[in-house]
2 protein chains.
Amino acid sequence: MYICIVKLEQAIQSSKFKNEVHKATLNILYTAWWLKTIMSNELKEFGLTHEQYNVLRILKGKHPEQICVKEISCRMIEKSSNVPRIIDRLVIKKLVKRADSPFDKRETVISLTQSGITILEVTTEKINALMETTVIMKSQDAAQINMLLEKLRGTE
Amino acid sequence: MYICIVKLEQAIQSSKFKNEVHKATLNILYTAWWLKTIMSNELKEFGLTHEQYNVLRILKGKHPEQICVKEISCRMIEKSSNVPRIIDRLVIKKLVKRADSPFDKRETVISLTQSGITILEVTTEKINALMETTVIMKSQDAAQINMLLEKLRGTE
DNA sequence: ATCAAATAGGTGTATATACATATAATATTA
DNA sequence: TAATATTATATGTATATACACCTATTTGAT
């Protein structure tokens, strides 16, 4: 328990927390940064950013279906990401392609290209392997975190 | 328990998680985004960003002592923030001031101005009030989250 | 004492976030 | 049906993130 308390303190060089709830918010923010940094490090090798990877993952989930920009936005972890511009960069790299929607001319529909599929498979395998060695967590503890975080967010 | 499972699924419109650990990483990333959004919303009223607020808080912790840029960087929640430029904007708003270090001419030391102190007091009070109504969490649950997150990060 | 290495801070560039606005297409409703 | 509101996407601007590189200063080794 003492070691745990030390850790966030070391990370942000501070030990003055108003209370456990305040410390938990800082701990969540710090842990998210830590996770993103680890993943981005791995993605860098493939010229992908964390957000670009998130978009590719979302497209994979429905592949070979095409998905409109709006639907991708809804599924993003960070909602305020500017999806059209992330797509711009993926199009330049030929990992996704844009097309007009046949149903609604306002919509642009996006789908993975073959090289998008390939890069996604390789990176996902790499990231999964990395996560297994870096994020050491029992399934039971993970379930506990899931429960507590969702309790924390309450009704939203 | 069922409600909890639904929540992240709703947030990112997905229910396909490899396992509880994978779900936990997404839950942490999403919850951090959620927390930042709530806080930024409140800070917006004062023309501050989340990161600018973080720098002001760090300066407050040592006030009236001056702190060098490097030390501020070490204490940031998001380590890769570009502190010199965040300070640029705080200087323009006259919330902090720069000075040469008397000990090491490479260093720039930063301190809060009176209006920096004032804005920090007002915003902190606002954010604390907001957190108390938004982040509904028992001290015991918070302690549990702290323990689990630090366990997850392992040895770093 | 001098030179090489390390350190602190700043700057440049690409990408992302946050927010406002613009534009075209669709839906609504008077 | 014509006029209006809404929706989907794109774009513009300020700030932040990520990373490389530059300069001045200090440290350390010989």
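Which residues have the most contacts inside the largest nonpolar core? Here are some notes on that point and others.

1. **The core.** The largest nonpolar core has 78 residues. Those with the most contacts inside it are Ile28, Val55 and Leu59 of chain A, and Ile28, Val55 and Leu59 of chain B. A nonpolar core here is a set of buried Ala, Val, Leu, Ile, Met, Phe, Trp, Tyr and Cys residues joined through C-beta atoms within 7 Å. Buried means that 20 or more other C-beta atoms lie within 10 Å of the residue's own; exposed means 12 or fewer, and partly exposed is in between, with C-beta atoms placed from the backbone.

2. **What you are looking at.** This is a predicted model, in which local features need pLDDT of at least 70, side-chain atom pairs count only at pLDDT 80 or more, and totals for chains, interfaces and linings use all residues. Residues are numbered from 1 along each chain as its sequence is written, while chains are lettered from A and ligands numbered from 1 in the order in which they are written.

3. **Two copies, one axis.** Two copies of a chain are related by a rotation about an axis and a shift along it. Here a rotation of 180° with 0.0 Å of shift along its axis puts chain B on chain A, with an RMSD of 0.0 Å. The two copies are thus related as by a two-fold rotation axis. The superposition is by least squares on the C-alpha atoms of residues with pLDDT of at least 70 in both copies.

4. **Where the chains meet.** In this interface, 49 residues of chain B are in contact with 48 residues of chain A. Contact means that the C-beta atoms of two residues, placed from the backbone, lie within 7 Å. On the chain B side, helices H1 (2–12), H2 (20–44), H4 (69–75) and H7 (139–153) each supply at least two residues. H2(B) gives the most, with 16 residues. By class, this side of chain B has 26 nonpolar, eleven polar and twelve charged residues. Of the interface residues of chain B, 98% are also interface residues in chain A, so the copies meet through the same surface.

5. **Terms for elements and classes.** Helices (H or I, at least four residues) and strands (E, at least two) are DSSP runs, numbered from the N terminus. Ala, Val, Leu, Ile, Met, Phe, Trp, Tyr, Cys and Pro count as nonpolar; Asp, Glu, Lys and Arg are charged; the others, Gly among them, are polar.

6. **DNA strand D.** 27 residues surround DNA strand D. The closest are Cys68(A), Lys70(A), Pro84(A), Ser80(B) and Ser81(B). A residue is near a strand if its C-beta atom, placed from the backbone, lies within 6 Å of it. Both chains take part: H2, H4 and H5 of chain A, and H3 and H5 of chain B, each supply at least two residues of this surface. The residues divide into five nonpolar, eight polar and 14 charged.

7. **DNA strand C.** The surface has four nonpolar, eight polar and 14 charged residues.

8. **The sheet in chain A.** Three strands form an open sheet in the order S1-S3-S2, with antiparallel pairing. Two strands pair if DSSP finds at least two bridges between them. S1 (67–68) and S2 (96–100) are the edge strands, and each pairs on one side only. Two bridges join S1(A) to S3(A). Ile67(A) has Ile110(A) as its bridge partner. S2(A) and S3(A) pair over five bridges. Asp100(A) is partnered by Thr108(A).

9. **The sheet in chain B.** This open sheet of three strands has the order S1-S3-S2, with antiparallel pairing. Its edge strands are S1 and S2. Ile110(B) in S3(B) stands opposite Ile67(B), and also opposite Arg98(B). Cys68(B) has Val109(B) as its bridge partner. Leu59(B), named in the core above, touches Ile67(B), Val96(B), Ile110(B), Ser111(B) and Leu112(B), not counting residues up to four places away in sequence.

10. Is Ala11(A) buried or exposed? Ala11(A) counts as buried because it has 22 C-beta neighbours inside 10 Å. Ala11(A) lies in helix H1 (residues 2–12) of chain A. Its C-alpha atom is 10.0 Å from that of Thr31(A), 20 residues apart along the chain.
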